[in-house]
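Here are my notes on the model you sent.

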Amino acid sequence: MHSIETRLARLAKAGDRGAFADLVELYKDKIYHLAFRMLGNRQEAEDVVQETFLRVYRSLDRYDEEMKFSTWIYRIGTNLSIDRLRKRRTSTYSLDADVGGDGEGTDWHAMLASEEPTPEGKILLSETQRRIRDAIESLPKKYKSVVVLKYLHDMSLQEIGDVLDMPVTTVKTRVHRGREFLRKKLEGEDLT
């Protein structure tokens, strides 16, 4: 209840620009990674980060200090990402719009530093990451958000429920079904 984020939010609400800048610094990378994993597009993820902080700034007076700040900001970022996914499905459909013909540096895996010391290990890791990313990308929307929050952001079921404003039992069911969907998708790829 009296976390550093809550104190910063209180100061920012009172007009302290430095406190708001500190909040941005604390959460910009986290919101970017959340948005990027949901959207798979660097530019869209950056746009979500900007829009998230715009909404946070405009809504600071409505922030309930009884709620964890992280839950509140993740909810905003998640909802903006989901909105973009909806718009994407209604306007243009692309399985992987960021991947270019040469495959070099055009997807987010190329930007990740690998801890594998050998080139062969890097290739295997990159292929595994691509398969997992593609499997997550193919998840239905209702499973994708809970899987990203659970496994890529290490949130508890309760935190996910708070972020998505749904009962923990629903979150648990969606995590289970999303995991099963991924398992079947990845096993199916192994067989082909």
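1. A convention to begin with. A crossing is called left-handed if the near helix is turned anticlockwise from the far one by less than a right angle, and right-handed if clockwise. By that rule, helix 6 and helix 7 cross in a right-handed sense.

2. Basis. This is a predicted model, in which local features need pLDDT of at least 70, side-chain atom pairs count only at pLDDT 80 or more, and totals for chains, interfaces and linings use all residues. Residues are numbered from 1 along each chain as its sequence is written, and side-chain values use heavy atoms, with hydrogens and water left out.

3. Fold. The protein has 8 helices and 0 strands (DSSP runs numbered from the N terminus; helices are H or I, at least four residues, and strands E, at least two). Of its 192 residues, 35% are buried (under 20% relative accessible area, 1.4 Å probe, protein chains only).

4. Confidence. Mean pLDDT (the predictor's confidence in each residue, from 0 to 100) is 79, and 78% of residues reach 70 or more. Helix 5 (residues 119-137) is lowest, at a mean of 71; helix 3 (residues 42-59) is highest, at 92. Residues 92-117 fall below 50, yet this stretch has 29 contacts beyond near neighbours in sequence (heavy atoms within 4.5 Å).

5. The pair. Helix 6 (residues 141-152) packs on helix 7 (residues 157-164) at about 135 degrees, with axes 10 Å apart (lines fitted to C-alpha atoms over the stretch in contact; angles run from 0 to 180 degrees between N-to-C directions). Ser145, Val146, Leu149 and Lys150 of helix 6 meet Leu157, Ile160, Val163 and Leu164 of helix 7.

Definitions and conventions
Buried < 20%, exposed > 50% of the residue type's maximum accessible area, 1.4 Å probe, protein only.
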